[in-house]
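Biologist: Got the model up. Can we walk through it together?

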Amino acid sequence: ALLTFAVRKQGGTDAAAAHWRDALKLAGERPELLGSLAQMANAWGWTNETESTLWRAAKDFPKERWPLESLQNGYLRQRNTRAVLDVTAFLLERQPTNAAALNNWAALALLLHTNLTRAHEAARQVYDRGTNNFAFVSTYAWSLQVQGKSAEALKLMDTLKPAELNDPAVAGYYGAILVAAGQKEKARTYLDRTVGAPLLPEELKLVSDARQKL
């Protein structure tokens with residue numbers, strides 16, 4: 001890895017790539033060494049090498065949690081919604097009964113308007129498995145809203161506690177649903193809860209579109 005860094009600094013692109021392949025080969029049988037390579041690549045600002053090393057660790061060492069967690073955290077910092085969806089989908093392949101992962105996948109798919117039929121079904125499934133889980137309730141309510149069922153969506157969201165509705169991760173969706181239901185003044189309060197929150201680009205657009213209808 002250090003040879004890669006040195007040669008790359010001198011402009012030896014092809015030689016640097018060869019050294020990095022050698023580093024990956026040497027580290028390939030031990031997840032902690034792949035983790036070290038990923039950390040070094042990240043410290044040097046090598047985004048592609050960091051991602052590819054983490055994905056390799058995730059695929060080759062399925063019992064290790066840190067590669068997917070690192071990928072997800074990195075993509076969230078980048079506000080890369082589709083990449084976060086890819087990580088969640090990969091996790092679901094490994095853990096198909098993981099309700100939290102299924103909920104996250106459904107929420108992201110709904111945001112991206114992709115695989116909507118499956119997303120709606122997934123949202124219903126996780127709600128049925130955790131009707132008291134505010135994240136599951138919120139996702140299913142937004143699924144109903146995407147299907148044009150604003151009254152049902154609002155009824156479901158109104159079952160949540162005030163503190164849960166005020167959570168910025170939920171407030172934007174609730175505000176948008178309130179706007180669709182014609183309760184614009186109430187909606188403004190919840191849309192304001194999202195100001196400064198680390199939302200994904202699609203969530204920011206969702207809030208922006210709702211504000212334009214106030």
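Modeller: Rings of Phe, Tyr and Trp (its six-membered ring) pair if their centres lie within 6.5 Å. Planes under 30 degrees apart count as stacked, over 60 as edge-to-face and the rest as tilted. With that rule, ring pairs link Phe5, Trp20, Trp44 and Trp46 into a cluster.

Biologist: What should I know about where the values come from?

Modeller: This is a predicted model, so local features need pLDDT of at least 70 and side-chain atom pairs count only at pLDDT 80 or more, while totals for chains, interfaces and linings use all residues. Residues are numbered from 1 along each chain as its sequence is written, and side-chain values use heavy atoms, with hydrogens and water left out.

Biologist: How many helices and strands does the protein chain have?

Modeller: There are 14 helices and zero strands. Helices (H or I, at least four residues) and strands (E, at least two) are DSSP runs, numbered from the N terminus.

Biologist: And what does the C-alpha trace span along its principal axes?

Modeller: About 65 × 35 × 30 Å. Of the 214 residues in the protein chain, 44% are buried. Buried means under 20% relative accessible area, exposed over 50%, partly exposed in between (1.4 Å probe, protein chains only).

Biologist: What share of the contacts joins residues at least 24 apart?

Modeller: That is 46%, among contacts between residues at least 6 apart in sequence. Contact means heavy atoms within 4.5 Å.

Biologist: Are tryptophan 142 and tyrosine 173 buried or exposed?

Modeller: Both are buried. Another pair is tyrosine 174 with tyrosine 190, with centres 4.7 Å apart and planes at 75°, so edge-to-face. Tyrosine 174 is in helix α12 and tyrosine 190 in helix α13 (residues 184–192), 16 residues apart. Tyrosine 174 and tyrosine 190 are both buried.

Biologist: Switching to helix packing. How do α3 and α4 cross?

Modeller: The axes of α3 (residues 31–43) and α4 (residues 47–60) come within 8 Å and cross at roughly 165°. Axes are lines fitted to C-alpha atoms, for helices over the stretch in contact, and angles run from 0 to 180 degrees between N-to-C directions. Angles under 35 degrees count as roughly parallel, over 145 as roughly antiparallel, 65 to 115 as roughly perpendicular and the rest as oblique. So α3 and α4 are roughly antiparallel to each other.

Biologist: Which residues make that contact?

Modeller: On α3 they are Leu34, Leu37, Ala38, Ala41 and Asn42; on α4 they are Glu49, Thr50, Thr53, Leu54, Arg56 and Ala57. By class, the contact of α3 with α4 has six nonpolar, three polar and two charged residues. Ala, Val, Leu, Ile, Met, Phe, Trp, Tyr, Cys and Pro count as nonpolar, Asp, Glu, Lys and Arg as charged, and the others, Gly among them, as polar.

Biologist: How do the axes of α9 and α10 cross?

Modeller: The axes of α9 and α10 (residues 150–157) come within 7 Å and cross at roughly 165°. That makes α9 and α10 roughly antiparallel to each other. Val137, Ser138, Tyr140, Ala141, Leu144 and Gln145 in α9 meet Ser150, Glu152, Ala153, Leu156 and Met157 in α10. Those residues divide into seven nonpolar, three polar and one charged.

Biologist: Now loops. What is the phi of histidine 113?

Modeller: A positive phi of about 55°, although histidine 113 is not a glycine. Histidine 113 sits in the loop between α7 (99–112) and α8 (116–129). Histidine 113 is exposed, with a relative accessible area of 56%.

Biologist: And asparagine 115, where does that lie?

Modeller: In the loop between α7 and α8. Phi of asparagine 115 is near 50°, a positive value in a residue other than glycine. Asparagine 115 is partly exposed at 48% relative accessible area.
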